[in-house]
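Hello,

Here is the structure for your files. My notes on it follow below.

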Amino acid sequence: MALNNQSEFQDYLPMMAEKLGGDGLIGELCNGFNLLVDADKGVITFDSLKKNSALLGLEGLNDEDLLSMLKEGDFDGDGALNQMEFCVLMFRLSPELMEESQFLLEEALEQELNRF
């Protein structure tokens, strides 16, 4: 998947993780999810992603890029991204963060799952 703004994203996510810690980073990712979500369905759909992508600086992505993003993050195959799928996708799009912070991811996801 060739995301036009991926390098900019990779520059900021590790810095956010360092400054906010696990809980703060997950909170910010959840805020990002809420900006993109289809309010009626509670998930990110192609239409909601296309409509709201400029809010996250993704206005340069074409339909193919948006569909690729959805497919890459859609682990359950329902054609949409739930909150957990979105957060995991954001981590996966930042190889630097994945290499340096595998423990941070596991800790944050475990804490988030324990809240439910």
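What pattern does the protein follow, read along the sequence? The pattern is α-α-α-α-α-α. The secondary structure comes to six helices and zero strands. Helices (H or I, at least four residues) and strands (E, at least two) are DSSP runs, numbered from the N terminus.

Two notes before the details. This is a predicted model, where local features need pLDDT of at least 70, side-chain atom pairs count only at pLDDT 80 or more, and totals for chains, interfaces and linings use all residues. Residues are numbered from 1 along each chain as its sequence is written, and side-chain values use heavy atoms, with hydrogens and water left out.

**Overall**

The protein has 116 residues, and 41% of them count as buried. Buried means under 20% relative accessible area, exposed means over 50%, and partly exposed is in between (1.4 Å probe, protein chains only). The accessible surface comes to about 6,800 Å². Carbon and sulfur atoms account for 49% of that surface. Areas come from the Shrake-Rupley method with a 1.4 Å probe; for residues, only the protein chains shown count as cover. Take the contacts between residues at least 6 apart in sequence: 53% of these join residues at least 24 apart. Contact means heavy atoms within 4.5 Å.

**The loop between α1 and α2**

Asp38 is found in the loop between α1 (6-36) and α2 (46-52). Asp38 is buried, yet it has no salt bridge. A salt bridge is a side-chain nitrogen of Lys or Arg within 4 Å of a carboxyl oxygen of Asp or Glu. The nearest side chain of opposite charge is Lys41, 4.7 Å away. For charge, Lys and Arg count as positive and Asp and Glu as negative; His and the chain ends are not counted.

What does the side chain of Asp38 reach at 3.0 Å? It reaches the backbone nitrogen of Lys41. A polar atom of the Asp38 side chain also lies 2.9 Å from the backbone nitrogen of Asp40. Leaving aside neighbours within four places in sequence, Asp38 is in contact with Val43, Thr45 and Ser48.

Thr45 is also placed in the loop between α1 and α2. Thr45 is buried, with a relative accessible area of 11%. Leaving aside neighbours within four places in sequence, Thr45 is in contact with Asp38, Leu70 and Ala80. The C-alpha atoms of Thr45 and Asp78 are separated by 9.7 Å, and the two residues are 33 apart along the chain.

**Salt bridges**

How many salt bridges does a search of the whole structure find? It finds two.

One joins the side chains of Asp63 and Lys50 (3.0 Å, N to O). Asp63 lies in helix α3 (residues 63-73) and Lys50 in helix α2, so the pair ties together parts that are 13 residues apart in sequence. Asp63 is partly exposed at 36% relative accessible area. Lys50 is partly exposed at 42%.

The other joins the side chains of Arg115 and Glu112 (3.1 Å, N to O). These two residues are three apart in helix α6 (residues 102-115), so about one helical turn separates them. Arg115 is exposed, with a relative accessible area of 64%. Glu112 counts as buried, at 10% relative accessibility. Leaving aside neighbours within four places in sequence, Glu112 is in contact with Ile26 and Met84.

**Helix α4**

Why is helix α4 (residues 83-92) largely enclosed by the rest of the structure? Because seven of its 10 residues are buried. They are Glu85, Phe86, Cys87, Val88, Leu89, Met90 and Phe91. Asn82 caps the N-terminal end of α4. A side-chain oxygen of Asn82 lies 3.1 Å from the backbone nitrogen of Met84.

**Cysteines**

The structure holds zero disulfides. A disulfide is a pair of cysteine sulfur atoms within 2.5 Å. Cys30 is in no disulfide, and the nearest cysteine sulfur, that of Cys87, is 4.5 Å away. Cys30 counts as buried at 11% relative accessibility. Cys87 counts as buried at 4%.

Best regards

Terms used. A polar contact is a pair of N or O atoms within 3.5 Å; within protein, one must be able to donate a hydrogen and the other to accept it, and residues adjacent in sequence count only if both atoms are side-chain atoms.
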